[in-house]
Structures are given as structure tokens and as C-alpha cells.
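Student: I would like to go through the spaces and the contacts in this structure, and to ask on what grounds each one gets its name.

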Amino acid sequence: MSIAVHNLHFAYHEQPIVQGINLTIPSKKFTAILGKNGSGKSTLLKLMAGLLHPTSGTIHIFDKPLSKLSLKERARLIGYLPQRHVPTFPFLVEEFVLTGRASYIFSTPSKTDKRQAHLALQRAGVQHLQKRPYTELSGGELQMVMIARVLAQEAPIILLDEPVTHLDLPHTERVMTMLSDLAHAGFTIIAILHDINIASRYAEHVVMLKEGKVLHSGTMPHDVTTVEDMYEMPLKTYHLSGKTFFVPREKNAY
Amino acid sequence: MKKAALVILYATAPLIILISLMVSTTSEITPSVIISYFCGNITDMATHNLIGTIIFDVRLPRIILAFIVGASLSMSGHALQALFRNPLVEPYILGISSGAAFGAALCIATALASIQLGAFCFGFIAAIMSYFFAREGNRVSIVSLLLSGVLISGIFTALLAIVQFLSDPFRLQTIVHWTMGNLHTATWAKVRSSALPIFIGAIWLFLMRWRINVLALGDEEAASVGLHPEREKILVLIPATLVVTSSVAMAGVIGMVGLIVPHMSRMLFGSDNKASLPASAVFGGSFLLVVDDLSRTFMAFELPIGIFTIVIGAPLFFYLLKKTRLGMGA
């Protein structure tokens, strides 16, 4: 197991968000986290990334307690892609991707760091953008560059908060194919997805959350009731190429 | 292109220093006299000694003071703009200028300690107060820090007004002159007293220059790649405060330099602080030196340097703004 979560609780100003989550995330697989808005998906992801500290409970990364890892050790194990990044300074793409190497750098980047950043750009297929200011990229290009920055970290686990929410269909396909390829190449990918049908196509493991609790963890359920319970709306299923797809049963059913 | 611009910047700095030695309002000490002095062509011992004193005890400390004050304000302004992710940030954002002005005024009015010491201590106290008032638990948000800096600045401005109100006219004039910035009172003693903290702060910021890139992306982005945002903020704020308070203690409050030079530096040399932060320091030093030279040349009498930095800096900044993109995102 790459990540093991035990009895995890978290509250914002005494408002419980995560309520007793127990979870194991399989290694080298693509895991999707699903749930309605406010179900605690982003909070759970940030807790797993170590960006938030749990009120109680434990998280283990490759059997090591997350709370015992230094920031540098953690950054070398877990890469995190935020839901939204607001660029301020027009860094060149290569300069931006190089910042992913911060856990390896004391003062300034070495040749190895520059080489790794370049490899990450290649792997993400965006090396042609390296001399462009990252403030001038389209949403799709920026997301690929953000992924390249995470890849430059050389972390075996990559957490992504809604990586395709703002992307058009071609860019969504490109990002999802790439994440799927990374999982096949040995990375553990954990992504929050709003579109259950994208999860159905790409994810090998799904975690369904409702009101801060785990409703389901495993392969995508074929029966509709669990998914209906999660989204609290009537759904119907379609089956295509061995995958299950979900659509609302009727208009205004929510 | 950027590399060529950097080479030009670093090559022109010693030239500007050399030319500044020759700049004069008097008709006696002309550039040719100074060249003759260095060539050993002045045979009269008394004249030789007089010119030597003017060069080494009057002009050189002023030139060095102008250069290191310009470099300090620009370097810390550059680092703080990146840290705060805000183009409007200047090095005095934590209330340093108001605190230092109050400290200097208090010492001018009461003669409790030297003006420099008073300015340094209260400049530093203002920055520390801004930081701790902005702190919530273990976190300091950038917005809170900006707001608390504005408030602390307001408090010290009010305290300064009280001191000015209670001071006699002669001391009041001295206080007002001090707050406008002053390079004409430069001495070796002044330069020596602040050289060490500025040197330490500058080296420290120089070592932090690449990590400032990471911090400029935001707290979450920095934490996710292994930097502790709160610790790193302190690691930038301490040296930035050190160089600014030391330079304010030496030369009073000189505006605009720390705001516009970092922008100009980013426009010309790019956003990567690895190159543009040291460039800002050299650019700022050269810029303030040129401004000081012009202020000495154009006027028969000395106007405070703070006025000239705005008069010369603002049009230059507007020109660059029209010619190139501002060194920030859209």
C-alpha cells in the first residue's frame, strides 16, 4: 500500500469535515476520489499531502507515519497539484518547472536539477513551451506544465485536485491519458474528479466520499445505488466497452 | 539578450562609480584635476592633500553610501515584492520607514542616543511589531502582514507627528530634512556603522534568491515541494529588514528606488530571481548614484535626494512601462 489512512478526523473551526476515514490506496494504480461538493475530497487530499494536519487519526506513506516525515522527505514521496494556481510573476516554463526540485536544492539548482526538470518537461510533452512565460499559456498548456513540475519532484505518489475540471475535451483526454500512462509506468496517481464517467474510463480504484465519510473504496461499482447515494440523485447506467457510465435518470432530478 | 543586458549592467557599475568621483559643482576640482591627481601630476603638496581629502573623505564615502543604499533598497524591495506576490510592495512595507523616522526624530528632539541608532532600533521594532501583529497561531498570511504593516506605519507616523509638534523649530527642520533622505551628510563613520549588517543581509538574500522563486508561487505551492512557507518567510524578512533599516539609518527615507528598480530589473533580466535579484542590487546602486550625481550637478544647492529619486525615477519607469511589459503577470 502506498497510503494507509486510519480513523482520520479533521475539522475547520470545529466544523467536522473529515469524520473517521479508514482507507488504503493501492500502489502503482490510478485512484479517483469522488463525491459531491463539500464532501471532504479536497481536505482529504490535502491531509494526505501533509498540507493540513489531522485533528486525530494517522496517515502512513509506504508504512512511515506522515507526521514523522520532514517536509523534504515528504516532498520526495508525494507530489501535489493544487486545484487552482494563480500565476503572479511571468516565470519561464523551465524556471517554473525547476521549482518542483526545491526539496533537492539548498541555494541554487544544480545541473542534475536542470536535467530532471528538462526530463519532466519532455515526459509531459511540453518541452516546446520551455522558453515561454507560464503566465501566457492556455488553461490546458498550464495544466500540463503544472504536471511537469510535479514530475520534476521525482515523487512516486502524485496527488491531483481536480486536474481536468477547467479543461476542454481534447485537453481532458490528453491529461487523463498521461495520468493513466504514469500509473502504468509505476506512479501512484490519486486524483479528485468531478466527472464520474471520466473516473469510470480511467480509474482502476475509486474512493467515494459522502459527508466526510467513505461510502465505497474499491473498483467502480456496477450497481447504481451506491453512486446514487453519493450524489443524492436518481441515476441510470450505460455499459460500454466493459465500463459503466452514469447519467441522471430524469431532468431536474436533483 | 538578457545575458548581454546583465553584462552591460555589471560592466557599467564600476564606470558609474568612477565618473561619480569626477562629478562636481565647483569649477576648481574638475575631472582633469582629479585625473592629474591620480597620475601624480600635482606637485604642490598642499593642493595634492586638499584634492586627496575631497576625493577620499568627501566624495568617496558619499558615492559608496549612495551605492549601498540604492542596492539595499532595491534588493530588499525585489525580495519583498516576490514574497508578498504584490507589485506595489516597497521595502518600507512593514512600517520600517515610519519607525525609523520616529526613532530618528526622537533622538534629534531628545538627544537620547545617536540618530542612526534610534532610526535603526525603531525601524527594526516596527518590522517586528508588524510581523507579530499579523501572526495567527503559527501562520502569517501575506494579506495580514500587509495590513499590519500599514497599521504600524500609521502608528509610528502619528508618534512622529507628536514629536514634531513638541519640537522647537530648529530641531523640527532637522527632523523634516532627515525624513526626506540625505546623502550629503555621508562620512566614513556612517558607512562603517551600517556596512556589516548590510553585508550580512545582502549575502543572506543572495543565498535565498532562488528559493524566493518558489515562495513567489504561493504558500501551498512552496509547501508541496518541501519548503516550510512560514520559516522561509522569516528567512527572507530578517535580511530584508536588516538591509533596509541599516540603509534608512544611514541615509533617511529615500522613496521610489525600492519600488521601481525591482520592476525595471524584472523587465530587463526576467522574473527568475537567481539573476534578477542581484541585478536589482547593482541596478539600484547605480541608479541612486546617477540620481545623486544629477542632483549635485543641476542645482547650486543640495535638495534632499528623496525628491530627485521621484523626479527622475518616475518618468524612467513610465518609459519602460510603455516599452516593455511590467515585470508581473497580467
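Student: What volume does the second largest cavity have?

Tutor: The model is predicted. In it, the second largest cavity has a volume of about 40 Å³.

Student: Which residues line the second largest cavity, and what makes them lining residues?

Tutor: From chain A they are Ala49(A), Arg74(A), Ala75(A), Ile78(A) and Tyr80(A), and from chain B Ala223(B) and Ser224(B). Lining residues have an atom within 4 Å of a point of the cavity, so these residues count as its lining. Helix H2 (71-77) and strand S6 (78-81) of chain A, together with helix H9 (219-224) of chain B, are the elements that give two or more residues to this lining.

Student: How does the lining of the second largest cavity divide by class?

Tutor: Five of its residues are nonpolar, one is polar and one is charged. Arg74(A) belongs to the lining, and Arg counts as charged.

Student: How many cavities of 30 Å³ or more are there, and which residues line the largest?

Tutor: The search of the whole structure finds three. The largest cavity has a volume of about 40 Å³, and its lining consists of Leu83(B), Arg85(B), Ile142(B), Leu215(B), Asp219(B) and Lys233(B). By class, that lining has three nonpolar, no polar and three charged residues.

Student: What classes make up the lining of the largest pocket?

Tutor: It has 10 nonpolar, seven polar and seven charged residues.

Student: Why is the pair Glu220(B) and Lys46(A) called a salt bridge?

Tutor: The closest N and O atoms of Glu220(B) and Lys46(A) are 3.0 Å apart. The cut-off is 4 Å between a side-chain nitrogen of Lys or Arg and a carboxyl oxygen of Asp or Glu, so the pair qualifies.

Student: How many salt bridges are there over all chains, and how many across the interface of chain B and chain A?

Tutor: Over all chains, the search finds 18. Across the interface of chain B and chain A the rule finds one. That pair runs from Glu220(B) in helix H9 of chain B to Lys46(A) in helix H1 (residues 41-49) of chain A.

Student: How much area do chain B and chain A bury between them, and how many residues does each give to the contact?

Tutor: The two chains bury about 2,700 Å², with 61% of it on carbon and sulfur atoms. The contact takes 29 residues from chain B and 36 residues from chain A. On the chain B side, Trp210(B), Leu217(B) and Val225(B) lose the most area to chain A, together 25% of what that side buries.

Technical notes. Residues numbered from 1 in each chain as written. Chains lettered and ligands numbered in written order. Predicted model: local features only at pLDDT ≥ 70, side-chain atom pairs only at ≥ 80, totals over all residues. Heavy atoms only, no water. 1 Å grid on protein atoms, 1.4 Å probe; cavity = no way out; pocket = protein on both sides within 12 Å on 5 of 7 lines; lining within 4 Å. Points joined across faces, edges and corners; volume = space filled by probe spheres on them. Helix = DSSP H or I, 4+ residues; strand = E, 2+ residues; numbered from the N terminus. Contact = heavy atoms within 4.5 Å. Buried area = accessible area lost by both parts, 1.4 Å probe.
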